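Welcome! Here is a short briefing to read alongside the sequence and the model.

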Amino acid sequence: MAMFERIGSDPKSFSQVARIRDTGIAVSQVVSQLVNGTPVSAVLAQYPQLEMDDIVQALSFAVTSMIEVNAVVAHDARKPLSIILGYAGILTEAGISEPERIEFSQQIVDQATRSSSIWNEMAEWAKFRYGFREIPCEQTNLAKSLESAIATAVQEHPGTAVDVKQPDALPDVCGNMYLARAITYLLTDDTALFLNPQSTIEVQPPVDGRVLVRVQRAYPAPPANIPPADSFFAAERGGLYIASRMLQSLGSTVRAEPGAEHVTFVFALDVWKSV
């Protein structure tokens with residue numbers, strides 16, 4: 001008998017979310033409640049189709065998966081660390097020239113930044129995928145979130161250029177501190193056909209209590225085949241997957257609209273309603 005015979009993935013789901021048996025309940029739904037203090041009895045009451053063994057396997061699956069992710073991260077981080085150590089060793093030699101010293105120092109900075117990015121993105125990916133992190137909705141200034149996202153994108157990815165089209169006044173939305181980070185991932189993630197760093201953000205006026213945001217990014221060259229829409233937010237994408245889970249946790253729909261010359265990421269946020 002397989003260790004996790006009650007756990008499977010939905011092949012129709014863009015994120016290949018792990019689900020419990022044939023219930024349609026995601027592992028992350030159960031784990032997120034348990035790690036936030038919800039009693040097992042309350043979870044079973046909420047999901048009467050689940051059994052205690054389902055709860056045990058969901059937790060075991062999530063913890064085991066997290067351990068495996070950490071092992072992958074540790075492996076992937078070894079290469080930049082080895083490069084850093086190599087250049088650092090050269091810098092201790094007395095015979096190198098000043099131009100070489102500057103070049104090697106920059107290589108150390110670049111590799112350290114890359115290593116840090118690997119750790120951070122994989123950690124975020126795992127936490128959202130397996131339910132160890134859920135982010136609450138709170139009143140958020142959309143204009144400031146967009147400004148923060150663009151500033152971060154430009155800082156972390158030199159050459160990034162973003163053209164923003166938005167109404168003169170934007171409402172506060174249901175968001176949080178991670179909204180800007182999600183938008184940054186949409187602007188900068190390079191796992192999807194190495195999209196160009198030039199982007200356009202279009203924010204439409206609120207309709208029926210929701211604000212629609214479109215993030216358009218061009219391909220460096222027209223692809224031979226237009227990739228399917230559900231491939232952009234697959235779990236292996238990393239940054240795009242994290243962005244999709246962050247937005248989904250805020251109650252937002254999120255989709256990709258691939259075309260011949262560009263792909264547009266579309267999401268909608270609820271306008272904040274004061275209680």
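What follows is a brief overview, then notes grouped by topic.

This is a predicted model, in which local features need pLDDT of at least 70, side-chain atom pairs count only at pLDDT 80 or more, and totals for chains, interfaces and linings use all residues. Residues are numbered from 1 along each chain as its sequence is written, and side-chain values use heavy atoms, with hydrogens and water left out. The protein chain holds seven helices and 10 strands; these are DSSP runs numbered from the N terminus, with helices (H or I) of at least four residues and strands (E) of at least two.

**The chain as a whole**

- Of the 275 residues in the protein chain, 40% count as buried; buried means under 20% relative accessible area, exposed means over 50%, and partly exposed lies in between (1.4 Å probe, protein chains only).
- Take the contacts (heavy atoms within 4.5 Å) between residues at least 6 apart in sequence: 71% of them join residues at least 24 apart.

**Helix H1**

- Helix H1 spans residues 27-35 and is mostly covered, with seven of its nine residues buried.
- The buried residues of H1 are Val27, Ser28, Val30, Val31, Ser32, Gln33 and Leu34.
- After H1 comes Gly37, which has a positive phi near 95°.

**Where H6 meets H7**

- The axes of helix H6 (residues 178-188) and helix H7 (residues 239-249) come within 8 Å and cross at roughly 145°; axes are lines fitted to C-alpha atoms, for helices over the stretch in contact, and angles run from 0 to 180 degrees between N-to-C directions.
- On the H6 side, the contact is made by Tyr178, Leu179, Arg181, Ala182, Tyr185 and Leu186, while H7 brings Gly239, Leu240, Ile242, Ala243, Met246 and Leu247.
- The residues of this contact divide into 10 nonpolar, one polar and one charged; Ala, Val, Leu, Ile, Met, Phe, Trp, Tyr, Cys and Pro count as nonpolar, Asp, Glu, Lys and Arg as charged, and the others, Gly among them, as polar.
- Arg181 lies over the face of Tyr185, at 4.8 Å from the ring centre; for a charge to sit over a ring, NZ of Lys or CZ of Arg must be within 6 Å of the ring centre and within 35 degrees of the ring normal.

**Aromatic pairs**

- A search of the whole structure finds three aromatic pairs; rings of Phe, Tyr and Trp (its six-membered ring) pair if their centres lie within 6.5 Å, and planes under 30 degrees apart count as stacked, over 60 as edge-to-face and the rest as tilted.
- One of the pairs is Phe4 with Phe61, edge-to-face at 5.6 Å centre to centre with 85° between the planes.
- Phe4 lies in the segment before strand E1 (7-9) and Phe61 in helix H3 (residues 52-91), so this pair ties together parts 57 residues apart in sequence.
- Phe4 is buried at 19% relative accessibility, and Phe61 is buried at 18%.
- Tyr87 and Phe104 form a tilted pair, 5.2 Å centre to centre and 35° between the planes.
- Tyr87 is in helix H3 and Phe104 in helix H4 (residues 98-129), so this pair ties together parts 17 residues apart in sequence.
- Phe104 is buried, with a relative accessible area of 13%.

**Two residues to look up**

- Gln57 is found in helix H3 and is buried, with a relative accessible area of 11%.
- Leaving aside neighbours within four places in sequence, Gln57 is in contact with Met3, Phe4, Glu5, Arg6 and Ile7.
- Arg101 lies in helix H4 and is partly exposed, with a relative accessible area of 28%.
- Leaving aside neighbours within four places in sequence, Arg101 is in contact with Leu91, Glu93 and Ile96.
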